[in-house]
Amino acid sequence: MAKAKAAAPSSSGGGKSAKKKKWSKGKVKDKATHAVALDKATYDRIMKEVPTFRFISQSILIERLKVNGSLARRAIAHLEKEGQIKRIVHHSSQLIYTRLTTASD
């Protein structure tokens, strides 16, 4: 009988030997790998696809073309200078553009 008591786990109760509660670490978002330099393929894609977007902003270009923020701003400024897109809203931090629509009436 003495052997059976010794084999039983002794830390079944609380006290100092009990483990502390582990708090959840939260959800970790995957690190995005966006292009920081413009290559020929990305430039051609910007020039071809972006003027056809209905809504153009820095965040849209970052998400769809996988470029970083400074490249997205440069691309938008370049397209506006060439007259391929039209500005809707000019705010200090958020610029919103749209495609050019031609009146065929």
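1. **The β2-β3 pair.** Strands β2 and β3 (residues 95-99) run antiparallel and are joined by 5 bridges. Strands here are DSSP E runs of at least two residues, helices are H or I runs of at least four, and both are numbered from the N terminus. Two strands count as paired if DSSP finds at least two bridges between them. β2 and β3 form a hairpin, with 4 residues between them. Ile-85 stands opposite Arg-99 in β3. Val-89 has Ile-96 of β3 as its bridge partner.

2. **Basis.** This is a predicted model, in which local features need pLDDT of at least 70 and side-chain atom pairs count only at pLDDT 80 or more, while totals for chains, interfaces and linings use all residues. Residues are numbered from 1 along each chain as its sequence is written, and side-chain values use heavy atoms, with hydrogens and water left out.

3. **The sheet.** The sheet is open, has 3 strands in the order β1-β3-β2, and pairs antiparallel. β1 and β2 (85-90) are the edge strands, each pairing on one side only. Helix α4 (residues 69-81) packs on the sheet and touches β1, β2 and β3. The direction of α4 makes about 120° with that of β2. Such angles run from 0 to 180 degrees between N-to-C directions, with axes fitted as lines to C-alpha atoms, for helices over the stretch in contact. Between β1 and β3 there are 2 bridges, again antiparallel.

4. **Ser-57.** This residue lies in strand β1 (residues 56-57). Its bridge partner in β3 is Ile-96. Is Ser-57 buried or exposed? Ser-57 counts as buried because its relative accessibility is 1%; the cut-offs are under 20% for buried, over 50% for exposed and partly exposed in between (1.4 Å probe, protein chains only). The side chains of Ser-57 and Ser-59 make a polar contact of 3.2 Å. A polar contact is a pair of N or O atoms within 3.5 Å; within protein, one must be able to donate a hydrogen and the other to accept it, and residues adjacent in sequence count only if both atoms are side-chain atoms. Leaving out residues up to four places away in sequence, Ser-57 touches Ile-76, Gln-94 and Leu-95. Contact means heavy atoms within 4.5 Å.

5. **Thr-98.** Thr-98 is in strand β3. Its relative accessible area is 14%, so Thr-98 is buried. The Thr-98 side chain reaches the backbone oxygen of Arg-54 at 2.7 Å. Beyond four places in sequence, the residues touched by Thr-98 include Phe-53, Ile-56, Ile-85 and Ile-88.

6. **Helix α2.** Which residues of α2 (residues 40-49) are buried? They are Thr-42, Ile-46 and Met-47. Seen down the axis of α2, these buried residues fall within an arc of 130°, so they line one face of the helix. The arc is taken from the directions from the helix axis to the C-beta atoms. On the other side of α2, Lys-40, Ala-41 and Lys-48 are exposed. The buried residues of α2 pack against α3 (58-65) and α4.

7. **Whole chain.** The protein chain has 4 helices and 3 strands. From the N terminus the elements run α-α-β-α-α-β-β. Of its 105 residues, 21% count as buried. Among contacts with a separation of 6 or more, 49% come from residues 24 or more positions apart. The chain exposes about 9,100 Å², of which carbon and sulfur atoms supply 55%. Accessible areas come from the Shrake-Rupley method with a 1.4 Å probe; for residues, only the protein chains shown count as cover.
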